[in-house]
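Please look over the structure below before reading on.

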Amino acid sequence: MNKFIKTAAVAATLMLTAGISTNAAANQLDDLLKQVKADRVSVAKLDKKREQEFLAARADKQALLKKAQAERAAEQARNARLTKAFADNERMLTTKEAELEAAKGDLGEMFGVVRRASGNAYGTIATSIVSAQYPGREATLDKLANAKEIPVLSELEELWFAMQTEMTESGKITSFEAEVTQLDGSKSSQQITRIGSFNLVSEQGYLNYNDEQGQIQPLGKQPDGSIVGTVSPFIAMTSGYAPLFLDPSKGTILNLETQKATLEERFHQGGTVGYVIAGVLAFGLLIAIERLVFLFLVGGKIAAQLKNRTTPNANNPLGRLLQVYQDNKNVDAETLELKLDEAILRETPKIERGINIIKILAAIAPLLGLLGTVVGMIGTFQSITLYGTGDPKIMAGDISMALVTTAQGLIAALPLILVHSVVAGRGKSIFHILDEQSAGIVAEIAEKEKQ
């Protein structure tokens, strides 16, 4: 019974809940319908507004289109007018050019001649050393060479004056004051002598005219002393004639002359081996000078002793030899000869000291030169291996070393051989005197023993 009652209660509750849910759903659908109707009205109003705006803009766009079409038509008409005017101008230019050519006549040929002559003269005058004294002449020539119109009379006169000035001044020797730009950039005013169109000289020596910068500059290195030594006497001369070296190539040969290596530069090209050879030569000459001085003094003392044989002096070999004779007058000839030979042998080291060293150094010098040659050739082949044979300047240093050291070795050997001969001959002459006096003393003793 209780179970039935509970079941009935649950069923009644479920039916009540379902009725409430149905009423709530019905209310929500009514609200949704009202919202849809309201939105449809809003959308219709918005579409109406957009349609009105489009129709208003369409009228404006139509007005802009008509305006653009009108402008295009105006530009097309203007283009036609300009095209016609351009064609008319072209025909007029052609006509005027024909009239100009007919009016020029021979002037057209003269125009070409003037341009050609101005171009040639510009190349000559711009680089001429005459421009160092008369600058600015090339400006008019450059203008004429690049002109597009017929030159006027004054411009033709300038061309004539420039060419005539160059011809006239190329045959003169003149002096003028000008600014010289030194190698360090400083500038100084100097008196410069121009020899035609060949060279510029001053107390500094030969000068160079830099046409690109319009400056007078001294050479980076003056040529040999025999060449530059003629400059000062030539400048100081007021009348008559004086010798002076000229460069007919207007500077080319002079620049090549300055690139020649001096004796000092040749010496340094020998490198370490060359310095050793120079040291050998200097050492050998010092020994030779010391020996010559010593033997000269000894020879003088011996010459004085020969004049006074009865009074021996111990400051020379002959005096010491005579002293041995004085100390051994009572011995026989054979014993005296031995003692005299012994005295001569004691003098030998003093007289011959250093002579053999000079001979050895004379033999070593060419061998050192040969060593330098080998070292230089090794360096040459190393350069060829590393850099190839494309640039000879890379190999020039080692080749110079090979050749210079050979020459240095021979140059060192020749004077050493000469001074060795002189020193050795001087020593032999002293030994000859000693041997002669010793033989005379022995012969004198031997004659006394026979008697």
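The points below go from the overall form to two individual residues.

1. This is a predicted model, and the protein in it has 14 helices and five strands. Its radius of gyration is 58 Å, well over the 22 Å that the globule rule gives for 451 residues, so the protein is more spread out than a compact globule. Taken along the principal axes, the box filled by the C-alpha atoms is roughly 195 × 125 × 40 Å.

2. Of the 451 residues, 28% count as buried, and the accessible surface comes to about 29800 Å², with 61% of that surface belonging to carbon and sulfur atoms. Among contacts with a separation of 6 or more, 63% are between residues 24 or more positions apart.

3. Ser202 belongs to strand E3, which covers residues 199-202, and has a relative accessible area of 0%, so Ser202 is buried. Leaving aside neighbours within four places in sequence, Ser202 is in contact with Gln190, Gln191, Leu207, Val231 and Ile235. With Gln190 there is also a polar contact of 3.3 Å between the side chains, while the C-alpha atoms of Ser202 and Ile192, 10 residues apart along the chain, are separated by 5.0 Å.

4. Thr181 lies in strand E1, residues 173-181, and counts as buried because its relative accessibility is 9%, where buried means under 20%. Not counting residues up to four places away in sequence, Thr181 touches Ser186, Lys187, Gln215, Ile216, Gln217 and Pro218.

How values were computed. Residues numbered from 1 in each chain as written. Predicted model: local features only at pLDDT ≥ 70, side-chain atom pairs only at ≥ 80, totals over all residues. Heavy atoms only, no water. Helix = DSSP H or I, 4+ residues; strand = E, 2+ residues; numbered from the N terminus. Buried < 20%, exposed > 50% of the residue type's maximum accessible area, 1.4 Å probe, protein only. Contact = heavy atoms within 4.5 Å. Polar contact = N/O pair within 3.5 Å; in protein donor to acceptor, adjacent residues only side chain to side chain. Rg over C-alpha atoms; globule rule 2.2 N^0.38 Å. Areas by Shrake-Rupley, 256 points an atom, 1.4 Å probe, with all protein chains shown as cover.
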